[in-house]
Amino acid sequence: QHGALLAKGRLLGVQFGVLFRDGLYERMGRHAVELALRLREAFTARGYECVVASPTNQQFFRLPNAVIDRLREEVSFDYWGPRGKEESVVRLVTSWATTRDDVDRLCALVKEI
């Protein structure tokens, strides 16, 4: 009302203007995808099934519930569908804020399990 929505739209436009300047969006996306693919390598090297061959920053794995419970102690992720009796599918997502150290720690944890 009274132009308030218009003002908020302008601020959103400023954010997008910065995001698309000088390749920032592409760099942030490339970083997230690169780290996600490193996660995929670590999980598949341990024999865990990659459910969706995603070229994005989202990776989906079928894991035994015991592994999921162990990962849940140190990592945040989502179930992709309901929890199964013995195994379930989880979704791991990286972002511009995910660090290489974060991924290295998760890869090391996957090797331990």
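Which residues does T98 touch, not counting residues up to four places away in sequence? In this predicted model, T98 touches H31, L35 and V103.

- T98 belongs to the loop that lies between strand 4 and helix 4.
- The relative accessibility of T98 is 16%, and because buried means under 20%, T98 counts as buried.
- The side chain of T98 reaches the backbone nitrogen of S95, and the distance between them is 2.8 Å.

**The largest pocket**
- The largest pocket holds about 300 Å³ of space, and its lining is made up of 13 residues.
- Among these lining residues, E74, V75, D102, V103 and L106 lie nearest the centre of the pocket, and V103 is also one of the residues that T98 touches.
- Two or more residues of the lining are given by each of two elements, strand 4 (87-93) and helix 4 (100-112), and the largest share, five residues, comes from helix 4.

**The hairpin of strands 1 and 2**
- Strand 1 (residues 49-52) and strand 2 (residues 58-64) run antiparallel, and three bridges join them.
- Together strand 1 and strand 2 form a hairpin, in which five residues lie between the two strands.
- Within this pairing, C50 stands opposite F61, a residue of strand 2.

Technical notes. Residues are numbered from 1 along each chain as its sequence is written. This is a predicted model: local features need pLDDT of at least 70, side-chain atom pairs count only at pLDDT 80 or more; totals for chains, interfaces and linings use all residues. Side-chain values use heavy atoms; hydrogens and water are left out. Two strands pair if DSSP finds at least two bridges between them. Helices (H or I, at least four residues) and strands (E, at least two) are DSSP runs, numbered from the N terminus. On a 1 Å grid over the protein atoms alone, a cavity is a set of points where a 1.4 Å probe fits but cannot get out, and a pocket is an open set with protein on both sides within 12 Å along at least five of seven lines; lining residues have an atom within 4 Å of a point. Grid points are joined across faces, edges and corners, and a volume is the space filled by probe spheres set on the points. Buried means under 20% relative accessible area, exposed over 50%, partly exposed in between (1.4 Å probe, protein chains only). A polar contact is a pair of N or O atoms within 3.5 Å; within protein, one must be able to donate a hydrogen and the other to accept it, and residues adjacent in sequence count only if both atoms are side-chain atoms. Contact means heavy atoms within 4.5 Å.
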